[in-house]
Amino acid sequence: MPSILSPIISAFKIKELRRKIIITTILVIIFRISAHIPVSGVDLQGLQQLFSSNQFLGLLDIFSGGTLANFSIISLGLNPYINASIIFQLLTMISPKLEALSKEGETGRQMINQYTRYLTVPLAILQSIGMFVLLKNQGIITQTSPLQIASIIVGMTAGTIFLMWIGELITEYGIGNGISLLIFAGIVSRVPVVLTQTVSVVDQTQIINILLFLILGILTVAGVVFINEGRRQIAVAYARRFANGKGSDSGAQTYLPLRVNQAGVIPIIFAVSLVLVPSFAGSYLAGLPNPGLASIGRLLAANFNPGSLVYNLVYFILVVGFTFFYTAVIFNPTKVAEEIKKYGGFIPGIRPGVQTAAFLNYIMVRITLAGALFLGAIAVLPSLASSVTGIQTLIIGGTGLLIVVSVILDTAKQFESKLIERSYDVFARK
């Protein structure tokens, strides 16, 4: 009977897969070592105390894999690159030139990737400046000479470019999507720290709460897998073709798979980017000498704390709204209906053209509603569970949970496809 580890053992017997696994492992180790190289001129002890006392900053540190609390050279992570990718993905749907470029095959995709890299640099510089201002206002950075400021901004920007390069190396020479794997490694690396903190504060009264929290976590992961793999199969039939008065084939029937979670984790990333703005603004305004602005800052900081009702309600609404928006951007029912009609296809019982587009739009709205509500629930559920059980150390964001599960599923599928491809090659040689 084959064991769970049998695919990995079989992979190590294949030279190509063994090389890919070793390269991926080495690059991930380099990434984790880089996370402990701090930027110069920062009070690390004061920085760690700030992150431990601030729930909002602690949540950001979990997403960054602990690089923010260390203020390492890669403390920005891959956020600038992800933001640049999202921007170009949206522009591709809007700009006819970029859309035409994306349809030019591998050459067009490489050009768009190059533009994404170019945009990553100014975004990284802007985020580096924002991080510097935040830490300066908190008194963590005391040296503010022009050379010191330039070294911090250049170091953090270079760290992001370095991570982007490592991710592309993993994608090209390793297994899986390199960018996703690095984000996955950063999130998972915090698990031992979180578990250690939980064990250090646990007592007999919290054991039941921890068990409930873990059971809820397992059910949430199962739900993520179920929704992530969920499809609505739309049957598409193709008319019988005729040549020289005779039927060349008997027609064919395929399926158009419409994913329940068509937008992936993008809506949560958008929502987090917006819902964090009041917290950042509140932290900045609270430190100003003007009493009016300081009171507004304290009000924003109190209401948009990650554990507050206002924060979670706004977060949920933003996730649902962005899910519908992003799904509408990446899935155009009219264009899909035209493509089906162009190749002689039709949905049984539905007329080609306008009625097909209306039918696809009706189906997408229904399944997107289910996916949007699920994403919204996943986004706020960890915070609500932490508030109910009183366990603050085990909190992990919905974005992190979705990324971890999605990366595991995607990497496992690529791993399995490589093994199957190898098996077919061996069979063909025989």
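A surface patch here is built from residues with over 30% relative accessible area and no salt bridge, and nonpolar side chains are joined within 5 Å. The model is predicted.

Start with the patch on the surface. V121, I125, L126, I129, V133 and Y284 make up a nonpolar patch. Helix 8 supplies the largest share, five residues. Buried means under 20% and exposed means over 50%, so a value in between counts as partly exposed.

The model has three aromatic pairs. The cut-offs behind that are centres within 6.5 Å and planes under 30 degrees apart. Where do the partners F88 and Y115 lie? F88 belongs to helix 6 (residues 79-94), and Y115 belongs to helix 8 (residues 106-137). The pair therefore ties together parts that are 27 residues apart in sequence.

The two partners can also be read by their accessibility. F88 has a relative accessible area of 12%, so F88 is buried. Y115 has 31% relative accessibility, so Y115 counts as partly exposed.

One more ring deserves a look. F31 has the charged end of R32 over its ring. The distance from that charged end to the ring centre is 5.3 Å.

Terms used
Residues are numbered from 1 along each chain as its sequence is written. This is a predicted model: local features need pLDDT of at least 70, side-chain atom pairs count only at pLDDT 80 or more; totals for chains, interfaces and linings use all residues. Side-chain values use heavy atoms; hydrogens and water are left out. Rings of Phe, Tyr and Trp (its six-membered ring) pair if their centres lie within 6.5 Å; planes under 30 degrees apart count as stacked, over 60 as edge-to-face and the rest as tilted. Helices (H or I, at least four residues) and strands (E, at least two) are DSSP runs, numbered from the N terminus. Buried means under 20% relative accessible area, exposed over 50%, partly exposed in between (1.4 Å probe, protein chains only). A charge sits over a ring if NZ of Lys or CZ of Arg is within 6 Å of the ring centre and within 35 degrees of the ring normal. Patches are made of residues with over 30% relative accessible area and no salt bridge: like charges are joined within 9 Å, nonpolar side chains (Val, Leu, Ile, Met, Phe, Trp, Tyr) within 5 Å. Accessible areas come from the Shrake-Rupley method with a 1.4 Å probe; for residues, only the protein chains shown count as cover. A salt bridge is a side-chain nitrogen of Lys or Arg within 4 Å of a carboxyl oxygen of Asp or Glu.
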